[in-house]
Amino acid sequence: NNDPNIPITSKRIAWGKTLNCGQTCLAPDYVLCSKTMETRLIPEIVKAWQSFYTDNSINSDSYCHIINERHFERVKKLIDTTKVVYGGQTDAKQNYIAPTIMTNVTGTDKVMQEEIFGPLLPIITVNNELEAIEFINSRPKPLALYVFSSNKNLIQTIINSTSSGSTCVNDVIFQIAPPCLPFGGVGESGLGNYHGKYSFDTFSHMRSIAYIPTWAEFLISNRNPPYNQKKTARLEKLLKVYRNWMPLPRLGFWFWAFVALTTVITTRIIVRGIMDDKWEF
(Lines give C-alpha, C1' and ligand atoms only; values in the text may rest on other atoms or scores of the structure.)
Protein backbone atom coordinates (compact mmCIF):
# COMPACT_ATOMS: atom_id res chain seq x y z
CA ASN A 1 0.00 0.00 0.00
CA ASN A 2 0.98 3.72 -0.08
CA ASP A 3 2.34 3.46 -3.60
CA PRO A 4 5.21 0.98 -3.53
CA ASN A 5 6.96 0.45 -6.85
CA ILE A 6 4.46 -2.05 -8.30
CA PRO A 7 6.65 -3.70 -11.00
CA ILE A 8 9.57 -4.19 -8.60
CA THR A 9 7.31 -5.25 -5.72
CA SER A 10 5.56 -7.79 -7.94
CA LYS A 11 8.81 -9.17 -9.32
CA ARG A 12 10.25 -9.64 -5.83
CA ILE A 13 7.12 -11.34 -4.52
CA ALA A 14 7.00 -13.56 -7.61
CA TRP A 15 10.63 -14.55 -7.16
CA GLY A 16 10.27 -15.30 -3.44
CA LYS A 17 7.07 -17.31 -3.93
CA THR A 18 8.53 -19.63 -6.58
CA LEU A 19 12.13 -19.88 -5.38
CA ASN A 20 12.61 -23.66 -5.16
CA CYS A 21 8.92 -23.89 -6.12
CA GLY A 22 7.95 -22.17 -2.87
CA GLN A 23 9.67 -24.85 -0.79
CA THR A 24 11.56 -22.49 1.51
CA CYS A 25 10.68 -21.50 5.06
CA LEU A 26 10.91 -17.80 4.15
CA ALA A 27 8.69 -17.86 1.07
CA PRO A 28 5.85 -15.32 1.33
CA ASP A 29 2.81 -17.42 2.23
CA TYR A 30 0.11 -14.90 1.32
CA VAL A 31 -0.42 -11.27 0.33
CA LEU A 32 -2.47 -8.71 2.26
CA CYS A 33 -3.47 -5.65 0.23
CA SER A 34 -6.40 -3.47 -0.78
CA LYS A 35 -8.72 -4.50 -3.61
CA THR A 36 -7.30 -1.73 -5.78
CA MET A 37 -3.76 -2.88 -5.12
CA GLU A 38 -4.75 -6.47 -5.92
CA THR A 39 -5.85 -5.49 -9.43
CA ARG A 40 -2.48 -3.80 -9.97
CA LEU A 41 -0.36 -6.59 -8.47
CA ILE A 42 -1.80 -9.64 -10.23
CA PRO A 43 -0.88 -8.75 -13.85
CA GLU A 44 2.60 -7.65 -12.74
CA ILE A 45 3.22 -10.87 -10.79
CA VAL A 46 2.05 -12.90 -13.78
CA LYS A 47 4.30 -10.84 -16.03
CA ALA A 48 7.26 -11.52 -13.72
CA TRP A 49 6.61 -15.28 -13.65
CA GLN A 50 6.35 -15.37 -17.43
CA SER A 51 9.66 -13.55 -17.73
CA PHE A 52 11.22 -16.05 -15.30
CA TYR A 53 9.78 -19.31 -16.64
CA THR A 54 7.98 -18.44 -19.93
CA ASP A 55 4.27 -19.18 -20.40
CA ASN A 56 4.88 -22.89 -19.93
CA SER A 57 6.82 -23.26 -16.68
CA ILE A 58 6.65 -27.08 -16.78
CA ASN A 59 9.30 -27.00 -19.51
CA SER A 60 11.48 -24.35 -17.86
CA ASP A 61 14.90 -25.46 -16.63
CA SER A 62 14.70 -22.66 -14.07
CA TYR A 63 11.46 -23.81 -12.45
CA CYS A 64 11.63 -26.45 -9.71
CA HIS A 65 9.08 -29.18 -9.02
CA ILE A 66 7.65 -30.42 -5.73
CA ILE A 67 10.13 -32.64 -3.92
CA ASN A 68 8.04 -35.83 -3.77
CA GLU A 69 4.62 -37.33 -4.41
CA ARG A 70 3.38 -36.93 -0.84
CA HIS A 71 4.02 -33.20 -0.78
CA PHE A 72 2.68 -32.84 -4.31
CA GLU A 73 -0.65 -34.30 -3.19
CA ARG A 74 -0.68 -32.13 -0.06
CA VAL A 75 -0.11 -28.88 -1.97
CA LYS A 76 -2.52 -29.87 -4.74
CA LYS A 77 -5.33 -30.29 -2.20
CA LEU A 78 -4.83 -26.68 -1.11
CA ILE A 79 -5.82 -25.38 -4.55
CA ASP A 80 -9.40 -24.11 -4.70
CA THR A 81 -10.07 -24.07 -8.44
CA THR A 82 -13.00 -21.67 -7.97
CA LYS A 83 -10.58 -19.03 -6.68
CA VAL A 84 -7.68 -19.52 -9.10
CA VAL A 85 -7.11 -16.51 -11.37
CA TYR A 86 -3.77 -17.67 -12.74
CA GLY A 87 -2.05 -21.04 -12.96
CA GLY A 88 -3.47 -24.03 -11.12
CA GLN A 89 -2.14 -26.64 -13.57
CA THR A 90 -0.65 -29.83 -12.13
CA ASP A 91 1.10 -32.95 -13.42
CA ALA A 92 1.35 -35.85 -10.98
CA LYS A 93 3.91 -37.71 -13.10
CA GLN A 94 6.38 -34.85 -12.72
CA ASN A 95 5.24 -33.55 -9.30
CA TYR A 96 4.58 -30.30 -11.11
CA ILE A 97 2.39 -27.49 -9.81
CA ALA A 98 2.31 -24.27 -11.80
CA PRO A 99 2.78 -20.86 -10.18
CA THR A 100 -0.73 -20.10 -8.96
CA ILE A 101 -2.60 -17.02 -7.75
CA MET A 102 -5.83 -17.36 -5.76
CA THR A 103 -8.16 -14.46 -4.92
CA ASN A 104 -11.25 -13.95 -2.74
CA VAL A 105 -9.38 -15.94 -0.10
CA THR A 106 -10.30 -15.69 3.59
CA GLY A 107 -8.53 -16.78 6.73
CA THR A 108 -10.77 -19.84 6.99
CA ASP A 109 -9.86 -21.27 3.56
CA LYS A 110 -7.92 -24.52 3.52
CA VAL A 111 -4.90 -22.87 1.91
CA MET A 112 -4.62 -20.59 4.97
CA GLN A 113 -4.64 -23.36 7.56
CA GLU A 114 -1.01 -24.47 7.18
CA GLU A 115 2.32 -23.37 5.79
CA ILE A 116 1.91 -23.80 2.04
CA PHE A 117 5.47 -24.73 1.11
CA GLY A 118 4.53 -24.61 -2.55
CA PRO A 119 3.96 -22.18 -5.46
CA LEU A 120 0.46 -21.06 -4.40
CA LEU A 121 -0.07 -17.36 -3.69
CA PRO A 122 -3.36 -16.51 -1.94
CA ILE A 123 -4.30 -12.82 -1.91
CA ILE A 124 -6.46 -11.52 0.93
CA THR A 125 -7.91 -8.03 0.58
CA VAL A 126 -8.22 -5.60 3.49
CA ASN A 127 -9.57 -2.07 3.72
CA ASN A 128 -6.59 -0.53 5.50
CA GLU A 129 -3.37 -1.24 7.36
CA LEU A 130 -5.20 -1.67 10.67
CA GLU A 131 -7.15 -4.60 9.25
CA ALA A 132 -3.90 -6.05 7.92
CA ILE A 133 -2.25 -5.74 11.34
CA GLU A 134 -5.29 -7.30 13.02
CA PHE A 135 -5.20 -10.23 10.60
CA ILE A 136 -1.48 -10.83 11.16
CA ASN A 137 -1.87 -10.69 14.94
CA SER A 138 -4.81 -13.09 14.88
CA ARG A 139 -2.56 -15.86 13.57
CA PRO A 140 0.59 -17.59 14.90
CA LYS A 141 3.65 -15.34 14.78
CA PRO A 142 5.34 -15.78 11.39
CA LEU A 143 8.97 -16.56 10.74
CA ALA A 144 9.10 -13.61 8.34
CA LEU A 145 7.04 -10.50 7.69
CA TYR A 146 7.40 -8.54 4.46
CA VAL A 147 6.28 -4.93 4.17
CA PHE A 148 6.12 -3.19 0.80
CA SER A 149 5.55 0.55 1.01
CA SER A 150 7.14 3.91 0.32
CA ASN A 151 5.56 5.36 3.47
CA LYS A 152 8.12 5.24 6.30
CA ASN A 153 5.50 5.94 8.97
CA LEU A 154 3.32 3.09 7.73
CA ILE A 155 6.29 0.73 7.64
CA GLN A 156 7.22 1.61 11.23
CA THR A 157 3.61 1.27 12.39
CA ILE A 158 3.38 -2.26 10.99
CA ILE A 159 6.74 -3.24 12.46
CA ASN A 160 5.83 -1.84 15.89
CA SER A 161 2.35 -3.40 15.88
CA THR A 162 3.30 -6.95 14.91
CA SER A 163 5.68 -9.69 16.00
CA SER A 164 7.68 -11.92 13.68
CA GLY A 165 10.94 -13.82 13.60
CA SER A 166 12.32 -11.39 11.02
CA THR A 167 11.13 -8.53 8.86
CA CYS A 168 12.21 -7.35 5.44
CA VAL A 169 11.07 -4.06 3.93
CA ASN A 170 10.46 -3.86 0.17
CA ASP A 171 11.99 -7.27 -0.53
CA VAL A 172 11.64 -10.91 0.50
CA ILE A 173 14.06 -13.48 1.96
CA PHE A 174 17.00 -11.05 1.80
CA GLN A 175 17.04 -10.64 5.59
CA ILE A 176 18.69 -14.05 5.92
CA ALA A 177 21.72 -12.98 3.86
CA PRO A 178 23.63 -10.50 6.11
CA PRO A 179 25.69 -12.52 8.63
CA CYS A 180 25.47 -9.60 11.07
CA LEU A 181 21.68 -10.02 11.44
CA PRO A 182 20.24 -12.68 13.77
CA PHE A 183 17.92 -15.13 12.07
CA GLY A 184 15.28 -17.14 13.89
CA GLY A 185 11.63 -17.42 14.78
CA VAL A 186 9.39 -16.36 17.63
CA GLY A 187 6.58 -18.32 19.26
CA GLU A 188 5.39 -21.13 17.00
CA SER A 189 7.83 -20.11 14.25
CA GLY A 190 10.84 -21.04 16.37
CA LEU A 191 13.13 -20.19 19.27
CA GLY A 192 16.60 -18.70 19.32
CA ASN A 193 18.74 -17.11 16.61
CA TYR A 194 21.75 -17.99 14.55
CA HIS A 195 24.35 -16.18 12.40
CA GLY A 196 27.68 -15.01 13.75
CA LYS A 197 27.77 -14.26 17.48
CA TYR A 198 24.04 -15.00 17.74
CA SER A 199 24.74 -18.68 17.01
CA PHE A 200 27.29 -18.73 19.84
CA ASP A 201 24.84 -17.05 22.23
CA THR A 202 22.02 -19.45 21.32
CA PHE A 203 24.12 -22.49 22.16
CA SER A 204 25.73 -20.94 25.22
CA HIS A 205 24.50 -20.86 28.79
CA MET A 206 24.95 -17.65 30.76
CA ARG A 207 25.69 -18.88 34.29
CA SER A 208 24.95 -16.48 37.13
CA ILE A 209 27.56 -16.33 39.93
CA ALA A 210 27.12 -14.42 43.19
CA TYR A 211 29.87 -13.84 45.79
CA ILE A 212 28.44 -13.16 49.26
CA PRO A 213 30.99 -11.75 51.76
CA THR A 214 31.02 -13.12 55.30
CA TRP A 215 31.13 -9.61 56.75
CA ALA A 216 27.56 -9.10 55.52
CA GLU A 217 26.25 -11.67 57.99
CA PHE A 218 24.95 -8.98 60.34
CA LEU A 219 22.57 -7.96 57.54
CA ILE A 220 21.84 -11.40 56.11
CA SER A 221 21.10 -12.92 59.51
CA ASN A 222 17.78 -11.10 59.51
CA ARG A 223 16.50 -13.78 57.12
CA ASN A 224 17.00 -16.53 59.69
CA PRO A 225 14.24 -17.81 62.03
CA PRO A 226 12.80 -17.16 64.49
CA TYR A 227 10.99 -14.27 62.79
CA ASN A 228 9.65 -11.18 64.51
CA GLN A 229 8.51 -7.67 63.63
CA LYS A 230 11.98 -6.20 64.12
CA LYS A 231 13.56 -8.60 61.60
CA THR A 232 10.73 -8.04 59.15
CA ALA A 233 11.17 -4.27 59.38
CA ARG A 234 14.93 -4.60 58.79
CA LEU A 235 14.39 -6.81 55.74
CA GLU A 236 11.87 -4.36 54.32
CA LYS A 237 14.38 -1.52 54.72
CA LEU A 238 17.12 -3.58 53.08
CA LEU A 239 14.87 -4.41 50.14
CA LYS A 240 13.90 -0.76 49.76
CA VAL A 241 17.56 0.31 49.69
CA TYR A 242 18.35 -2.51 47.23
CA ARG A 243 15.59 -1.46 44.84
CA ASN A 244 16.57 2.21 44.99
CA TRP A 245 20.27 1.60 44.42
CA MET A 246 20.10 -1.19 41.82
CA PRO A 247 19.69 1.17 38.79
CA LEU A 248 22.75 3.22 39.78
CA PRO A 249 25.41 0.88 38.29
CA ARG A 250 23.83 1.51 34.89
CA LEU A 251 24.98 5.14 34.99
CA GLY A 252 28.28 4.17 33.43
CA PHE A 253 32.00 3.97 34.09
CA TRP A 254 32.84 7.67 33.85
CA PHE A 255 30.09 8.65 36.30
CA TRP A 256 31.36 6.23 38.92
CA ALA A 257 34.97 7.22 38.21
CA PHE A 258 33.98 10.83 38.93
CA VAL A 259 32.19 9.80 42.14
CA ALA A 260 35.21 7.78 43.27
CA LEU A 261 37.65 10.61 42.53
CA THR A 262 35.44 13.15 44.30
CA THR A 263 35.18 10.85 47.33
CA VAL A 264 38.96 10.39 47.51
CA ILE A 265 39.64 14.13 47.24
CA THR A 266 36.95 15.00 49.79
CA THR A 267 38.24 12.38 52.23
CA ARG A 268 41.78 13.67 51.86
CA ILE A 269 40.66 17.24 52.51
CA ILE A 270 38.82 16.20 55.66
CA VAL A 271 41.70 14.07 56.98
CA ARG A 272 44.26 16.78 56.20
CA GLY A 273 42.09 19.41 57.85
CA ILE A 274 41.70 17.34 60.99
CA MET A 275 45.42 16.57 61.20
CA ASP A 276 46.46 20.18 60.65
CA ASP A 277 43.51 21.56 62.57
CA LYS A 278 42.59 23.63 59.54
CA TRP A 279 40.50 23.04 56.40
CA GLU A 280 42.84 23.34 53.48
CA PHE A 281 44.15 21.00 50.81
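Which helix gives the most residues to the lining of the second largest pocket? That helix is α8, which contributes five residues. The structure is a predicted model, in which local features need pLDDT of at least 70 and side-chain atom pairs count only at pLDDT 80 or more, while totals for chains, interfaces and linings use all residues. Residues are numbered from 1 along each chain as its sequence is written, and side-chain values use heavy atoms, with hydrogens and water left out.

**Pockets**

- A pocket here is an open set of points on a 1 Å grid over the protein atoms alone, where a 1.4 Å probe fits, with protein on both sides within 12 Å along at least five of seven lines, and its lining residues have an atom within 4 Å of a point.
- The largest pocket holds about 1,200 Å³ of space, a volume being the space filled by probe spheres set on the grid points.
- Its lining has 44 residues, and those closest to the centre of the pocket are Asp-29, Tyr-30, Pro-142, Ala-144 and Leu-145.
- Two or more lining residues come from each of α1 (6-18), β1, α2 (35-53), α4 (129-137), β7 (144-147) and α5 (152-161), where helices (H or I, at least four residues) and strands (E, at least two) are DSSP runs numbered from the N terminus.
- By class, the lining of the largest pocket divides into 30 nonpolar, seven polar and seven charged residues, with Ala, Val, Leu, Ile, Met, Phe, Trp, Tyr, Cys and Pro counted as nonpolar, Asp, Glu, Lys and Arg as charged, and the others, Gly among them, as polar.
- The second largest pocket, with about 240 Å³ of space, is lined by Leu-219, Ile-220, Leu-235, Leu-238, Leu-239, Val-241 and Tyr-242.
- Both α7 (217-220) and α8 (229-245) supply at least two residues of that lining, which has seven nonpolar, no polar and no charged residues.

**Strand β6 and its partners**

- Five of the six residues of strand β6 (residues 120-125) are buried, meaning under 20% relative accessible area with a 1.4 Å probe and protein chains only.
- Strand β1 (residues 31-33) runs parallel to β6 and is joined to it by three bridges, two strands being paired if DSSP finds at least two bridges between them; Leu-32 stands opposite Ile-124 in β6.
- Strand β5 (residues 100-102) also pairs with β6 in the parallel sense, over three bridges, and Met-102 has Pro-122 of β6 as its bridge partner.

**Cysteines**

- The count of disulfides (pairs of cysteine sulfur atoms within 2.5 Å) is zero.
- The sulfur of Cys-21 has its closest cysteine sulfur in Cys-64, at 6.7 Å, which is too far for a bond.
- Cys-21 is buried at 0% relative accessibility, and Cys-168 is buried with a relative accessible area of 8%.

Key. Buried < 20%, exposed > 50% of the residue type's maximum accessible area, 1.4 Å probe, protein only.
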